[in-house]
There are 2 protein chains.
Amino acid sequence: MHILVNSHRMIQEVQHVVKAVSSRTTIPILSGIKLDVSAAGLTLIGSDANISIESFIPTVENEQEIVTIHQTGAIVLPAKYLAEIVKKLPGEEMDIHVQQPFSVTIQSGASIFTLNGFDPEEYPRLPVVQNDAQFSLPQQVFKNVIRQTAFAVSTQETRPVLTGVHLCIVGKKLTCTATDSHRLALRTVEVDLNENDGNVNNVVIPGRSLQELNKILEDVSDDVEIVVTDNQILFKVGNLLFFSRLLEGKYPVTTEMIPAKAQAKTTFELKTKSLLQTLERALLLSREGKNNVVHLKVIDQTQIELTSTSQEIGKVTEQLHVEKLQGEHMHISFNGKNVIDALRVVDSENIYMMFTGTMNAFLVRPSESDHTIHLFSPVRTY
Amino acid sequence: MHILVNSHRMIQEVQHVVKAVSSRTTIPILSGIKLDVSAAGLTLIGSDANISIESFIPTVENEQEIVTIHQTGAIVLPAKYLAEIVKKLPGEEMDIHVQQPFSVTIQSGASIFTLNGFDPEEYPRLPVVQNDAQFSLPQQVFKNVIRQTAFAVSTQETRPVLTGVHLCIVGKKLTCTATDSHRLALRTVEVDLNENDGNVNNVVIPGRSLQELNKILEDVSDDVEIVVTDNQILFKVGNLLFFSRLLEGKYPVTTEMIPAKAQAKTTFELKTKSLLQTLERALLLSREGKNNVVHLKVIDQTQIELTSTSQEIGKVTEQLHVEKLQGEHMHISFNGKNVIDALRVVDSENIYMMFTGTMNAFLVRPSESDHTIHLFSPVRTY
């Protein structure tokens, strides 16, 4: 294997595939990135067995030569060093040349690196994904879907299926749900799925996979194609393939948890940013005790009061203006940190809050739309 | 104690004094910031027993009322919470009111905090600094002096005096020196010290004190006044007083370590940035083994070669252009990380390097000046 490759593109694609490589892998060869040169170009692969990322750099792109191929072949190079080396090389191109079976020289400008690698034959094959069901979404839309749901997955392995985001398509509507059983985030979006393309139901993608994918997606309208099989999901973005294992197990039915309008006992609207900043202040004191409990009380038709108390440190109280208040003057306690997480991903100036009783979950959504829904369990305080 | 204080100024001064407060203090009251209100204004004090910072906010500044005093008095408030609360308060002013003996309400906009504090009578007194010797320097100059020396202090407590920067004034010249016995950084600067103002000799300031002071100093030509006594040093910057304990013990004589021009066996000049970037690349591989060894070899009159090898990972080689080379074609090994640290604080496009033999310390300084000198011990490689 011997190539001359454009440094800028090489840095970009190494940074993409290295996201799949874990520094704590127990399989030595997975600490590496596979470089595979065919007549068509250079393929880079990184994997941690759960996530695999494959990126292809073609010989010619936009009529510019990006890779000059002197000799085809393959090698696996230690990901950590490769990523740092390519980033710091001085020249605009880098010459990558396999010298002995599993060693390589990388030359750029006056700089020459010799790097020991692994046998490419030992690198695991990527999963084969048959086109069971396939749909696509603009990258910027899918980025938002991830941002607005993946934060709410469980971080505890006691119920592994809750560490993922649940996908379900009914008709032309994709519903993405995440819950750690104390809070729930739900986002719906229109998709184009032909019925004979198969169906998407009880597909649970590990939250970590989506967080890594989100770093690669860009804020552009170009599509990301999504292919779902029994135990794998594949995201195609331009020349990049992102594979993720799916989580096994039955995801809980969450649709019935969402309270209907008819159950509402108290509803009001208020400014997202005001509530967010007030909660951030409230948590300055209660964060320490790690309970994050905030108490909300309706004062009158236009005012609510948020309070947080930490026995040893002190207390904070703040009144907030609300609009369109309907129903009872109730009070409720909740985990302020969970609500803050949700408010940070709400892309709406105003939010609508609906309460169905002091002991029941309450709902937060943008005041103008219901494509995003957040639910929160109350906290009992004695 | 009851005051109304401008939020912007309060945030600024709390951020200054909180730098002296350690989160790991074993003396509970030192986890707090003292607020002391006299008829003239509000004094804030933070301390960790080694460093103390006192800042004064006068009632009126630039003809604007900054502090309105309703009642004088004092309180000590937990530094961590106070610093976060003042930063997040919504209003342009904050009303601070001692309610019970050691509790306070802080009100700003719609936000009301109640915070438990400590008895101000228990807060230790600041050291009394008599004017033994006094001189002053523009803040921007002193910032540079700190930046160019404090990085080189020892981090090991085996020889405590080496964890500080040594100050010495002879005639009108202040010499600041730091060494961890493997490298040395020296910076000289002109000062105005009257002979009857006392003398400055064997003054050793803890490196950490200088790093904290540097965060407070600004890039302005306003002076910082420096007062030295037996065991304390005081820096006065506007309304701010920064006290630091001095280190005890005899600082080693370093002047004789610096090789004279006559001892030079090889000298050359090269671009600071080129050498820095080459060393950063060289350390990508050797950093792991933590030895950071880089080998330098003179190739011919215009080229040197830098090499670094890590048995397991690989090797890096790079040639660099040098100018005005005189003397032998030598080679030497050294700790590349130490040289990188020094090159990062050199404010000169070109540097001069002087070698006096493979087993002797070598010298690096700006090619146009000798007010900054860096020395490095070689590393033996077998």
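Reader: What is the area buried between chain A and chain B?
Author: About 2,600 Å² is buried between chain A and chain B, with carbon and sulfur atoms giving 52% of it; buried area is the accessible area (1.4 Å probe) that two parts lose on being put together, summed over both. This is a predicted model, in which local features need pLDDT of at least 70 and side-chain atom pairs count only at pLDDT 80 or more, while totals for chains, interfaces and linings use all residues. Residues are numbered from 1 along each chain as its sequence is written, chains are lettered from A and ligands numbered from 1 in the order in which they are written, and side-chain values use heavy atoms, with hydrogens and water left out.

Reader: And how many residues are in contact?
Author: On chain A 29 residues are in contact with 29 residues of chain B, where contact means heavy atoms within 4.5 Å.

Reader: How many salt bridges are there between chain A and chain B?
Author: The count is two, a salt bridge being a side-chain nitrogen of Lys or Arg within 4 Å of a carboxyl oxygen of Asp or Glu. One of them joins the side chains of Lys88(A) and Glu280(B), at 3.9 Å from N to O.

Reader: New topic: is Thr105(B) buried or exposed?
Author: Thr105(B) is buried, because its relative accessible area is 15% and buried means under 20%, exposed over 50% and partly exposed in between (1.4 Å probe, protein chains only).

Reader: Which residues is Thr105(B) in contact with?
Author: Leaving aside neighbours within four places in sequence, Thr105(B) is in contact with residues including Asp95(B), Gln99(B) and Phe113(B).
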